[in-house]
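Here are my notes from going through this one. Have the structure open while you read, and take the points in order.

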Amino acid sequence: MNILSIDRAKLSGAMQQYYDFKLTHQDCIIFFQIGDFYEVFFDDALEVSKLLEITLTSKFAGLPDKVPMAGVPISSINEYTKRLMFFNKKVAIVSQDDQMVQSGK
C-alpha cells in the first residue's frame, strides 16, 4: 500500500505528518517517532519487516482499513538503521517535534 496514492485529507493528523515527510523524501524509509518507538508505515513497513525480520502489524490511520506498520524501540534505532543501510537503503528519522533528525545511506 503506497501512502502517496492515498488522499492526504483522509489520514489522521500524525499520518498526515508522516505523509508530508514521505512526499518530500520518497527515496527514504521514514522512521517516525511515536512515543518510545520509531515506526514505519505503508510500503516502508512491508519492506522493513522483511529486511529486518521484525513483526508487521497494522493500525488505524484515519482510513476505513488498518495500514501496515512496523516499529523498533528508540534505544535500538541505530542498530536497525545500520542494517538497512547494509541493504543499500536510504533512511530518514523524524522526531515527534516534526524535525528530521538524521538521514543517511
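1. Start where two helices touch: Val48, Leu51 and Leu52 of α2 are in contact with Tyr80, Arg83 and Leu84 of α3. Sorted by class, this contact has five nonpolar residues, one charged residue and no polar ones. Keep in mind that you are looking at a predicted model.

2. How are the two helices arranged? In general, a packed pair is described by the angle between the axes and the distance between them. Here α2 and α3 pack at about 90°, and their axes are 10 Å apart. That angle makes α2 roughly perpendicular to α3.

3. Now for the inside. Nonpolar side chains tend to be buried together in soluble globular proteins. The largest nonpolar core in this model has 33 residues, and those touching the most other members are Leu11, Tyr18, Phe31, Val40, Phe42 and Val48.

4. Val40 is worth a click. Leaving out residues up to four places away in sequence, Val40 touches Tyr18, Ile29, Ile30, Phe31, Ala45, Val48, Pro68, Met69 and Ala70.

5. On to the charges. Side chains of opposite charge can pair when their charged atoms come close. How many salt bridges does the structure hold? There are five. One of them joins Asp44 and Lys22, at 2.9 Å from N to O. Asp44 sits in helix α2 and Lys22 in helix α1, so this pair ties together parts 22 residues apart in sequence. Are these two buried or exposed? Both Asp44 and Lys22 are buried.

6. Another salt bridge runs between Asp27 and Lys90, where the closest N and O atoms are 3.0 Å apart. Asp27 is in the loop between α1 and β1, while Lys90 is in strand β5, so to speak a link between distant parts of the chain, 63 residues apart. Lys90 has a relative accessibility of 30%, which means it counts as partly exposed.

7. Finally, look at Lys89 and Glu47, whose side chains meet in a salt bridge at 2.6 Å, N to O. Lys89 lies in the loop between α3 and β5 and Glu47 in helix α2, 42 residues apart. Lys89 is partly exposed, at 26% relative accessible area, and Glu47 is partly exposed too, at 27%.

Technical notes. Residues are numbered from 1 along each chain as its sequence is written. This is a predicted model: local features need pLDDT of at least 70, side-chain atom pairs count only at pLDDT 80 or more; totals for chains, interfaces and linings use all residues. Side-chain values use heavy atoms; hydrogens and water are left out. A salt bridge is a side-chain nitrogen of Lys or Arg within 4 Å of a carboxyl oxygen of Asp or Glu. Helices (H or I, at least four residues) and strands (E, at least two) are DSSP runs, numbered from the N terminus. Buried means under 20% relative accessible area, exposed over 50%, partly exposed in between (1.4 Å probe, protein chains only). Axes are lines fitted to C-alpha atoms, for helices over the stretch in contact, and angles run from 0 to 180 degrees between N-to-C directions. Angles under 35 degrees count as roughly parallel, over 145 as roughly antiparallel, 65 to 115 as roughly perpendicular and the rest as oblique. Contact means heavy atoms within 4.5 Å. Ala, Val, Leu, Ile, Met, Phe, Trp, Tyr, Cys and Pro count as nonpolar, Asp, Glu, Lys and Arg as charged, and the others, Gly among them, as polar. A nonpolar core is a set of buried Ala, Val, Leu, Ile, Met, Phe, Trp, Tyr and Cys residues joined through side-chain atoms within 4.5 Å.
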